[in-house]
Amino acid sequence: MKLRLGVICLALLVFLAVWGPGLPEKDGIKAPPYSKPWWLSRDIASTVVLYASVTSPELVEELPEWLPALTSSETVALEWEYEPPARVSLTGRLDHGFVGWTTPRGRFVLAGKPGELDLDARDIPFKRALGVRPFDDLTSILFPSRGSYVLSLVGGGEITMKIEGGRWGWLGTDHRGRDAAVLFIRGIRVSLIVGIAATLIATFLGLSMGLLSGYAGGLTDTLIMRAVDVLLSIPTLPVLMIAAGMWGKGLWNLVFVLSAFSWMGTARTVRSMTLSLRDAPWVENLRAIGARRNYILFRHLIPEAMPLLLANVALGVPGAILAEAGLAFLGLSDPRVPSWGRMLHEAYAFGAFTSGAWWVILPPGLGISMICLTFMSLGRKLEERADPRLTQKN
Amino acid sequence: MNAFLKRVGGSIAVLAVVLALNFFIFRIMPGDPLTGIMDPRFSPEAKQQLAEQWGLDKPMAEQFVVYIKEMLSFRFGLSMMTGQPVWDELRSRAANTAALLFPALLLSAALGIWLGVKAALNRGSKTERLVLTSGAVSFSFPSFFVQLLLLLCFAYLWPLFPLRGTSSVPPPAGGVKAFFDYLWHLTLPLFSLVFLSFGGWALYVRNMMVKALGEDYVLMARARGLSHRRVVWNHAFRSILPPVLTLLLLALPGVVSGAVITETVFSLHGAGRFLLEAINSHDYPSAGAAFFLLALLTVGCNLLADLLYVLVDPRVRREGAH
């Protein structure tokens with residue numbers, strides 16, 4: 001992958017991460033559980049939402065009741081080419097007038113009384129109001145055949161008719177009927193935040209520890225390097241699991257524990273770099289002309305280490321992202337925050353496999369891999385910039 | 001002997017840190033450990049009694065000493081989930097985890113080393129491309145995702161392997177049958193672990209081997225007319241063996257972490273899944289014990305790898321001699 005492509009991918013991800021939370025209706029239930037994406041199996045009915053609203057003019061109340069012809073109305077047409085839908089519901093508010101439903105076989109008045117509407121084709125009062133026997137399937141009566149249908153709102157009010165089929169959106173729905181595409185886009189955020197924040201903190205820690213260790217030497221050096229060895233041989237995931245279980249599943253808890261367990265590599269690199277630079281002739285010259293330790297550290301050693309550190313950040317991000325995803329997959333992430341690991345956890349826990357719902361499995365999994373690959377290739381390129389020897393082929 | 005003692009000292013340090021971490025992670029959580037398991041209507045006296053029973057009324061330092069003693073003698077207390085001693089619950093599970101981990105580690109290392117050496121010998125070949133791709137896969141694909149896909153393909157769509165568990169229910173009678181049943185259940189998890197981790201090994205070994213093959217002593221060995229196999233394995237590979245062992249050391253914690261996820265995906269009867277279940281049901285003694293055991297497993301392997309290191313690297317041996 002070219003550096004430019006990596007940067008473009010990253011910019012796209014950041015854009016999606018920033019834009020994601022602004023997506024409308026965050027956790028709304030949109031369609032039946034595990035609806036298919038709209039472009040798949042075109043012979044299955046899609047979930048359709050019909051919306052009609054008529055603002056009643058102020059005058060209406062003063063008009064005589066015998067004047068229905070003057071009231072405004074709105075109609076919504078629908079071409080239906082499938083079997084009857086799974087579920088039909090009507091919600092909203094009717095100020096006056098009525099809600100009509102025209103099918104190829106006849107007309108129904110779905111609601112005639114003013115007030116709040118919350119009707120479902122499975123409700124027995126609704127069936128009785130329409131003159132249907134309680135055990136008949138109202139949806140197949142409301143959708144008797146293929147053809148054109150019209151929903152009309154005569155009078156004033158605001159109604160939403162939801163006709164639930166087996167298809168919805170770009171990526172279908174998850175086990176609760178939430179839009180998987182929205183979840184997917186909103187999930188980028190967590191991966192990016194955790195990956196970048198944890199790695200930045202870890203790099204900062206590693207930089208300070210490495211500099212301290214390399215520059216101070218002696219006992220400090222020994223202590224820090226022992227700590228590095230010890231931390232390197234503790235399995236991180238169990239610690240993260242316990243921390244998540246005991247201290248709460250918040251994102252920042254995770255970031256801090258993750259960074260506390262991933263600064264060691266950077267510290268080692270920075271230390272060896274500092275060691276080799278500390279006794280380099282030009283640093284000795286600096287010292288000879290009276291440069292202070294802090295001046296040498298901050299004006300010379302850190303800038304020298306910067307390109308390598310940047311590469312280190314990019315190369316460290318995939319590890320943090322994978323750790324977060326693994327933790328979320330185990331169900332140890334905040335259930336209110338959508339993330340890719342969480343999506344996979346829910347897919348695994350709520351039977352997406354047995355439903356064959358690959359649209360909640362493949363996108364998050366491939367998404368995590370793509371983010372990681374992007375950062376890996378960015379890191380490789382930055383590493384090559386920092387150390388051109390790496391590009392030479394043996 | 002000196003070098004050996006140093007390594008043992010390192011392992012003890014790791015264990016000490018793990019123990020301390022394990023102690024404090026459960027003590028500095030928000031809230032009182034008792035309120036979680038106690039009915040709020042309990043009287044303060046009852047609470048006091050419970051605190052005494054668990055030794056929570058004693059000063060922190062004393063609790064710590066008692067805790068260390070209990071951990072080191074494997075007395076983990078009673079599980080809050082089942083009421084059984086935690087050690088009884090963990091014993092069989094830890095054996096299953098080890099039975100999954102060691103073969104996975106050895107197989108992936110062997111496969112990775114073989115492929116890595118092959119890739120270094122034939123640069124630009126298909127093997128090298130395979131190594132590069134699998135290396136990228138192992139660093140960037142979430143393990144559970146790949147395992148879920150494997151499970152979907154080979155256990156659900158094409159039921160070659162069982163969907164879950166470590167043995168059939170009910171387990172088949174007869175030692176040999178039960179053993180093969182066990183193997184059959186472990187095959188897919190094992191394969192997935194090897195599949196996920198051999199790439200990292202191969203990539204690493206390839207990079208080291210490419211460097212080693214360019215060294216003068218390899219040229220010298222070739223000039224001496226040694227066989228190709230001998231040059232590659234006894235000269236070039238022999239020289240990169242110590243860093244490869246270091247990699248083994250560094251890979252271990254990751255493998256243990258991977259085992260937790262693997263056991264969850266395949267619903268195996270192992271210490272990792274036990275840890276997850278304990279955390280989910282706020283069973284602190286079990287969670288602490290499972291973590292301690294997983295860390296112990298890592299430290300044990302580390303020590304083993306360290307010992308091998310002493311055998312493999314003559315410089316360490318010499319340092320130990322004087």
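Here are legends for a few close-up views of this predicted model.

**View 1. Chain B as a whole.** Let's start with chain B, which has 13 helices and zero strands. The C-alpha trace of chain B spans about 85 × 60 × 40 Å along its principal axes. Chain B has 322 residues, and 37% of them count as buried. Among the contacts in chain B with a separation of 6 or more, 69% are between residues 24 or more positions apart.

**View 2. Helices α7 and α10 of chain B.** Here you can look at helix α7 (residues 143-157) and helix α10 (residues 228-265) of chain B, whose axes come within 10 Å. How do the two helices lie relative to each other? Their axes cross at roughly 30 degrees, and angles under 35 degrees count as roughly parallel, so α7(B) and α10(B) are roughly parallel to each other. The crossing in which α7(B) passes α10(B) is right-handed. On the α7(B) side, the contact is made by Ser143(B), Phe144(B), Gln147(B), Leu148(B) and Leu151(B). From α10(B) come Gly258(B), Ile261(B), Thr262(B) and Val265(B). Sorted by class, this contact of α7(B) with α10(B) has five nonpolar and four polar residues, and no charged ones.

**View 3. Strand β6 of chain A and its partners.** Now we move to chain A, where β6 (residues 147-164) pairs with β1 (residues 48-54) in the antiparallel sense over seven bridges. To find this pairing, look for Leu50(A), whose bridge partner in β6(A) is Met161(A). Strand β2 (residues 73-80) of chain A also runs antiparallel to β6(A), and eight bridges join the two. In that pairing, Leu78(A) stands opposite Tyr149(A) of β6(A). Strand β3 (residues 87-103) of chain A pairs with β6(A) too, in the antiparallel sense over 15 bridges. A handy landmark is Thr91(A), which stands opposite Thr160(A) in β6(A).

**View 4. Where chain A touches chain B.** Which residues bring the two chains together? The contact takes 34 residues from chain A and 40 residues from chain B. On the chain A side, at least two residues each come from α5 (218-232), α6 (236-247), α10 (293-329), α11 (340-349) and α12 (362-386). The largest share of this side of chain A, 10 residues, comes from α6(A). By class, the side of chain A that touches chain B has 25 nonpolar, seven polar and two charged residues.

Methods
Residues numbered from 1 in each chain as written. Chains lettered and ligands numbered in written order. Predicted model: local features only at pLDDT ≥ 70, side-chain atom pairs only at ≥ 80, totals over all residues. Contact = placed C-beta atoms within 7 Å. Helix = DSSP H or I, 4+ residues; strand = E, 2+ residues; numbered from the N terminus. Nonpolar A, V, L, I, M, F, W, Y, C, P; charged D, E, K, R; others polar. Buried ≥ 20, exposed ≤ 12 C-beta atoms within 10 Å, placed from the backbone. Axes fitted to C-alpha atoms, helices over the stretch in contact; angles between N-to-C directions. Parallel < 35°, antiparallel > 145°, perpendicular 65-115°, else oblique. Left-handed = near helix turned anticlockwise from the far one by under 90°. Pairing = 2+ DSSP bridges.
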